[in-house]
Every structure is written in C-alpha cells, then in structure tokens.
Amino acid sequence: MQILVRTHHPEAAQLRETVERRARFAFRRLKALVPRADIKLDDINGPRGGADKRCRIALRTDGAGPVVVVSVAKDWRCALDKALASAAHHLLRAWRRNNTPRRQQRRGSVAQTASQYETPLGKAA
C-alpha cells in the first residue's frame, strides 16, 4: 500500500512518520482493497487556534470506488484518528456489501403462480 502525506504546516510535517504508521495500522486488514492512500493535513485558520486542524484522506480502492473522508479537530492526532476510523469503517461496509450473497428475487410470488393454475370449484376444467 502506497501512502502519500502532504502538508505545508511545519508541525504536521514532523508527524509524517506517525501518520504513515497509523494509516498502515488502520488499514492492515483491508490493505488488499487499498493500493493508495493520500493524506493531507491542513491548518484551516492559521495561528488563531480553535478546532482548525483538518485531515483529508483520499483512498483509491479496488471495487469500492474512491473514498474521501474529512475530519476537523483541535489537534492533528485527533483529526487523523477520526478520519482513519471513518475511512476504515466505510471500506469495511463497502467490502461486506460487495461480498455478502444476495437473495435471488422470484419473478412472481407463489400465490400469483398458484392462482394461475387453479380451477374454480364446482366447474369442470
């Protein structure tokens, strides 16, 4: 699995190894479905503070289509953890949806089919 981490913020650049390690851990069971993950860390409003750290994860998946998850939190690790959890949950649901056998629908209900072949009582066929 290829992981690309992009950021322009110096604090987030120091977390590059941590981001890669946590992403590999989060997708360890689903790495066959995810050949590439793009993780972007942004500081939305600069030095003013508040819940302004944004983590955007874009996954290119085999079978589930592209998955993009965005999380905003007060610090980088919380934003990353929320986004990773959400992306892993979405991938797992998509994988289960594609791999569970579906029930075949009948063309007509049993009652409709049986009523076509019945003869009314008291009348000869």
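**Note on the predicted model: strands, charges and cysteines**

1. Asp52 and Lys53 are both buried. Their side chains meet in a salt bridge, with 3.5 Å from N to O. The two residues also belong to a network of salt bridges that takes in Asp43. The model is a predicted one, and the points below should be read with that in mind.

2. A search of the whole structure gives five salt bridges. One of them joins Arg22 and Asp81, whose closest N and O atoms are 2.8 Å apart. This pair links distant parts of the chain: Arg22 belongs to helix 2 (residues 16-26) and Asp81 to helix 3 (residues 76-99), 59 residues apart. Arg22 counts as partly exposed because its relative accessibility is 26%. Asp81, with a relative accessible area of 32%, is likewise partly exposed.

3. Another salt bridge is formed by Asp42 and Arg54, the closest N and O atoms being 3.4 Å apart. Asp42 lies in strand 2 and Arg54 in strand 3, so the pair ties together parts that are 12 residues apart in sequence. Arg54, at 31% relative accessibility, counts as partly exposed.

4. Strand 2 (residues 36-43) pairs with two other strands. With strand 1 (residues 2-7) the pairing is parallel and runs over six bridges; here Ile39 of strand 2 is the bridge partner of Val5. With strand 3 (residues 53-60) the pairing is antiparallel and runs over eight bridges; Ala37 stands opposite Leu59 of strand 3. Strand 2 is mostly covered, with six of its eight residues buried.

5. How many disulfides does a search of the whole structure find? The count is zero. As for individual cysteines, Cys55 counts as buried because its relative accessibility is 0%, whereas Cys78 is partly exposed, with a relative accessible area of 39%.

6. On aromatic residues, the structure holds zero aromatic pairs. A ring does take part in a contact with a charge: the charged end of Arg28 sits over the ring of Phe25, 4.1 Å from the ring centre.

Note on methods
Residues numbered from 1 in each chain as written. Predicted model: local features only at pLDDT ≥ 70, side-chain atom pairs only at ≥ 80, totals over all residues. Heavy atoms only, no water. Phe/Tyr/Trp six-rings, centres within 6.5 Å; stacked < 30°, edge-to-face > 60°. Lys NZ or Arg CZ within 6 Å of the ring centre and 35° of its normal. Disulfide = S-S within 2.5 Å. Buried < 20%, exposed > 50% of the residue type's maximum accessible area, 1.4 Å probe, protein only. Helix = DSSP H or I, 4+ residues; strand = E, 2+ residues; numbered from the N terminus. Pairing = 2+ DSSP bridges. Salt bridge = Lys/Arg side-chain N within 4 Å of Asp/Glu carboxyl O.
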